[in-house]
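Here is a brief report on one protein chain. Look over the sequence and the model first, then read on.

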Amino acid sequence: MKLFNYDITSPFTLRTPAWLFPLLLIIPNVLLAFTEPEPALSKLTDIVLPLGVYYLLMSLTTNVGRTVICSLPLMILAAFQIVLLYLYGESIIAIDMFLNVATTNVKEVSELLGNLIIAIITVILIYLPPIIWAIILLVRKFRCARKDLRALRYTGGVLCTAGLILLMLSYILLPCYSVRRAVFPVNVTANMIEAIDRTIHTGRYHSLSASYSYDPVMTHSRDMREIYVVVVGETSRADNWQLYGYDRATNPRLSEREDLIVFRRPLSESNTTHKSVPMLLSPLNAKTFGDSIYFTKGICSAFNEAGFNTAFFSNQRRNHSFIDFYAYQAQTTDFIRDKRPDALDLDLAADLQEFISRSPSDKLFIVLHCYGSHFNYRERYDSSARMFTPDKASEASVENRSELVNAYDNTIIATDALIDNVISYLAGLDIPSALFYTSDHGEDIFDDERGRFLHASPTTTFTQLHVPFVVWISESYRLAFPEIVNNIEANSDLNISTSRSLFPTVMSVAGLSSPIVDASDDLSSAHYSEKPRLYLNDYNEAVPLATAGLRKYDFENAKKWNISTK
């Protein structure tokens with residue numbers, strides 16, 4: 001038979017896919033050998049052992065086409081891994097990456113995919129031809145010769161034997177070595193299973209957390225009118241805030257305020273939204289996150305129990321994550337993009353003002369969840385915040401960095417306007433009130449030779465964790481509770497974790513205490529002291545930040561900001 005004048009029944013044509021396909025599947029392993037800071041023995045094991053297994057798989061049947069088609073899941077994982085390496089430059093597909101796929105809204109995904117077109121085309125060119133060839137062989141029922149199968153089996157056997165010897169040496173010579181974490185695609189498959197398990201547990205959240213209670217004790221007078229607002233930013237890095245010494249006027253309004261308390265050395269304990277926001281809005285932190293996330297209610301529940309009227313206004317899309325669960329624990333919940341798809345963060349201020357003006361309660365607690373500086377940056381602000389131009393580039397590339405930074409800086413100006421707007425409104429009420437702002441995590445924008453972009457990478461960077469943290473306290477609150485204000489100001493120059501300290505500080509400032517809340521992380525306390533820097537890794541383990549994958553540039557950057565990574 002002929003196909004384009006080429007004899008696909010020739011022995012060479014039939015054996016070529018069998019020999020070539022394992023080499024295509026091993027591409028991610030070879031790339032990881034260059035990107036990962038693993039010992040050479042571990043890298044060699046990660047190449048030799050899987051390659052041997054792939055050749056043995058190809059020798060199982062004479063129907064080579066069927067074997068290739070059955071290996072489609074391996075091809076998908078390999079393609080996904082190559083795309084991930086293109087995006088972040090290192091690491092295997094993390095558990096959080098699988099969870100991000102499930103919780104990121106369609107618009108965000110489409111914006112990101114548009115910047116991965118080169119990587120996507122590359123994997124298509126690599127893996128689509130063998131699939132097409134396999135289909136032809138399968139349909140035509142062409143089979144590989146027995147002697148070719150024996151050669152494949154011999155090659156696979158030799159490689160597997162060598163791989164098993166390397167594996168044994170790895171376990172003997174390398175501390176904490178594990179196939180579960182070191183061999184692709186075993187590690188990625190295990191991560192996918194773990195992601196599925198976490199998703200199942202997340203689906204049981206409401207029943208698992210039903211009995212959770214803060215049992216708060218109120219120390220303020222129940223007759224005192226007071227308002228507390230927590231503004232959760234998105235992807236806002238302190239590096240680009242004028243308040244932190246950035247050489248651009250990205251905080252034109254807040255920089256004029258003398259009543260703003262700026263924490264100089266804050267870091268988040270996660271670079272992913274679905275972990276960092278729940279830690280901000282609950283007593284959880286890197287040490288306690290683990291399985292406790294499935295049983296813990298959010299900050300609105302604590303204020304509900306204390307008798308506050310609570311509200312949660314979000315400019316994010318709902319994604320059936322813990323953030324959504326915490327949002328609906330408020331007495332009033334509104335995802336404003338449901339009604340206004342093009343809403344900007346400044347619209348949250350109007351919702352806040354309307355809620356306060358019509359609330360009969362004297363005690364109010366409000367959370368504003370921003371879209372902030374999430375990519376695509378230029379869609380996060382209007383003309384009033386468009387101070388730095390040109391800002392039209394949306395393609396993620398080093399060549400476009402200056403325009404991307406211009407657009408990113410404009411998003412900070414928009415955030416500055418929102419915070420100042422809310423502060424001005426609260427100040428005009430002349431009642432005890434406070435506003436807390438921090439971001440879930442930061443962002444990479446091609447800052448160094450690694451060419452890292454975005455956030456939520458499997459291994460973090462300093463810039464992804466360096467977030468702003470500011471507190472505003474009304475004059476009437478300052479007069480009523482001067483000691484608390486003095487303590488906050490005194491602690492503002494310490495190394496702090498926003499993930500650990502935001503929740504207990506908000507509770508304390510509002511006059512609430514709870515046996516569940518760790519008071520030692522309260523920034524309004526005179527007894528607060530610095531804690532070791534931790535990072536919540538992909539396996540939900542609290543690891544020392546210095547061992548979380550930071551590189552030389554990260555440590556130098558931390559030193560520049562006078563921030564401890566220990």
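Where is P390 found? P390 sits in the loop between strand 7 and helix 17. Keep in mind that this is a predicted model.

## Cis peptide bonds

The peptide bond from T389 to P390 is cis. Its omega is near 0°. A cis bond also runs from F375 to N376, with omega near 10°. N376 lies in the loop between strand 7 (363-369) and helix 17. P390 belongs to the loop between strand 7 and helix 17 as well.

## Overall build

The chain holds 22 helices and 15 strands. Its radius of gyration is 27 Å, close to the 24 Å that the globule rule gives for 566 residues, so the chain is as compact as a globular protein of that length. The C-alpha trace spans about 90 × 50 × 45 Å along its principal axes. Of the 566 residues, 60% are buried.

## Salt bridges

Side chains of opposite charge can pair when their charged atoms come close. The count here comes to 22 salt bridges.

R257 and D420 form one of them, at 2.8 Å from N to O. This pair links distant parts of the chain, 163 residues apart. R257 is in the loop between strand 2 (226-233) and strand 3 (260-262), while D420 is in helix 17 (residues 401-429). R257 is partly exposed, at 21% relative accessible area. D420 is buried, at 12%.

D554 pairs with R450, and their closest N and O atoms are 2.9 Å apart. D554 lies in helix 22 (residues 552-560) and R450 in the loop between strand 9 (444-445) and strand 10 (453-454), so the bridge ties together parts 104 residues apart in sequence. D554 is buried, with a relative accessible area of 1%. R450 is partly exposed, with 23%.

## A bridge within one loop, and a network

D521 and K531 meet in a salt bridge of 3.3 Å, N to O. D521 and K531 each lie in the loop between strand 13 (512-513) and strand 14 (534-536), so the pair ties together parts 10 residues apart in sequence. D521 counts as buried at 2% relative accessibility. K531 counts as partly exposed at 23%. Elsewhere, salt bridges that share partners join D96, E194, R198 and K275 into one network.

## Positive surface patch

Which residues gather in the patch of positive charge on the surface? They are R66, K141, R143, R146, K147, R150 and R153. Helix 9 (residues 146-173) gives the most to the patch, with four residues.

K141 is placed in the loop between helix 8 (117-139) and helix 9. Its relative accessible area is 66%. K141 counts as exposed because that value is over 50%.

## Positive phi angles

T235 is a residue other than glycine with a positive phi, near 60°. T235 lies in the loop between strand 2 and strand 3. Is T235 buried or exposed? T235 counts as buried, at 0% relative accessibility.

N562 also has a positive phi near 60°, and this residue too is other than glycine. N562 is placed in the segment after helix 22. At 47% relative accessibility, N562 counts as partly exposed.

Terms used. Residues numbered from 1 in each chain as written. Predicted model: local features only at pLDDT ≥ 70, side-chain atom pairs only at ≥ 80, totals over all residues. Heavy atoms only, no water. Patch = residues over 30% accessible without salt bridge, like charges linked within 9 Å, V, L, I, M, F, W, Y side chains within 5 Å. Areas by Shrake-Rupley, 256 points an atom, 1.4 Å probe, with all protein chains shown as cover. Salt bridge = Lys/Arg side-chain N within 4 Å of Asp/Glu carboxyl O. Lys, Arg positive; Asp, Glu negative; His and termini not counted. Charge placed at Lys NZ, Arg CZ, Asp CG, Glu CD. Helix = DSSP H or I, 4+ residues; strand = E, 2+ residues; numbered from the N terminus. Buried < 20%, exposed > 50% of the residue type's maximum accessible area, 1.4 Å probe, protein only. Rg over C-alpha atoms; globule rule 2.2 N^0.38 Å.
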